[in-house]
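Here is my note on the fold, point by point. Please read it with the structure open.

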Amino acid sequence: MNNTHYESQNKAPQQSNKKILLVDDSSTTLLFEEMMLREHTSYELVLARDGEEAVEKAIAERPNLILMDVVMPRMDGFVACRKMRRHEALRKVPIIMVTSRGESYNIEQGFESGCNDYVTKPIDGAELVEIVNGYLMAQG
């Protein structure tokens with residue numbers, strides 16, 4: 001599939017009113033996720049660099065989807081996910097863990113903390129866009 005077809009297929013008009021919270025302490029990962037989503041979608045993006053900031057921004061910004069790392073300073077992704085699930089407005093927001101921690105124990109811990117999906121790094125850009133679109137298009 002050539003890039004032009006891929007981009008036009010994935011930049012649907014209904015994307016513009018959707019908001020994604022990207023959470024990672026790695027500037028490189030945040031930049032990659034942001035570049036891929038800006039290039040292939042028109043979702044509004046909000047960035048956070050640790051779990052504490054993620055919880056604060058999720059409450060304030062009310063995103064439609066959250067992509068979150070696990071290993072971060074101040075508060076890890078599992079704790080942040082559990083805290084978000086305690087807020088009524090965030091209970092049904094899809095949270096996707098995007099992390100290098102691919103061991104079965106960590107995956108199990110992710111789902112127990114309340115995440116909807118668990119993706120291991122390194123993540124392919126096309127896969128990222130496909131996963132995000134899948135969750136957000138299901139919301140209508």
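Which residue in β5 is the bridge partner of M97? In β5, M97 bridges to Y118. The points below set that pair in context.

1. Ground rules. This is a predicted model, in which local features need pLDDT of at least 70, side-chain atom pairs count only at pLDDT 80 or more, and totals for chains, interfaces and linings use all residues. Residues are numbered from 1 along each chain as its sequence is written, and side-chain values use heavy atoms, with hydrogens and water left out.

2. Overall layout. The protein has six helices and five strands. Helices (H or I, at least four residues) and strands (E, at least two) are DSSP runs, numbered from the N terminus. Of the 140 residues, 46% are buried. Buried means under 20% relative accessible area, exposed over 50%, and partly exposed in between, with a 1.4 Å probe and protein chains only.

3. The sheet. Five strands form an open sheet, ordered β2-β1-β3-β4-β5, with parallel pairing. Two strands pair if DSSP finds at least two bridges between them. β2 and β5 (117–120) are the edge strands; each has a single partner, so one side of each is left without a neighbour in the sheet. From one strand to the next, the twist averages 20°. Axes are lines fitted to C-alpha atoms, for helices over the stretch in contact, and angles run from 0 to 180 degrees between N-to-C directions.

4. Strand β4 and its partners. β4 and β5 pair in parallel over four bridges. V98 has V119 as its bridge partner in β5. On the β3 side, three bridges join β3 to β4, again parallel. There, L67 has I96 as its bridge partner in β4.

5. Cover on β4. Five of the five residues in β4 are buried. I95, M97 and T99 lie on one side, I96 and V98 on the other, and both faces are covered.

6. α4 lies across β3, β4 and β5, running at about 175° to β4. Helix α6 (residues 125–139) also packs on the sheet and touches β1, β3, β4 and β5. The direction of α6 makes about 145° with that of β3.

7. The chain goes from β3 through α4 to β4 in a right-handed β-α-β crossover. β4, helix α5 (residues 104–113) and β5 form a right-handed β-α-β unit. Right-handed means that, with the strands pointing away from the viewer, the path from the first strand over the helix to the second runs clockwise.

8. Cores. The largest nonpolar core has 22 residues, and L21, V23, I66, M68, M84 and M97 have the most contacts inside it. A nonpolar core is a set of buried Ala, Val, Leu, Ile, Met, Phe, Trp, Tyr and Cys residues joined through side-chain atoms within 4.5 Å. Elements giving two or more residues include β1 (19–23), α3 (51–61) and α4 (77–85). The largest share, four residues, comes from α4. Apart from this core lies another, of 18 residues, among them L30, L67, V98 and V129.

9. Contacts of M68. Beyond its neighbours within four places in sequence, M68 is in contact (heavy atoms within 4.5 Å) with residues including V23, A54, M84 and M97.

10. Sequence range. Among contacts between residues at least 6 apart in sequence, 65% join residues at least 24 apart.
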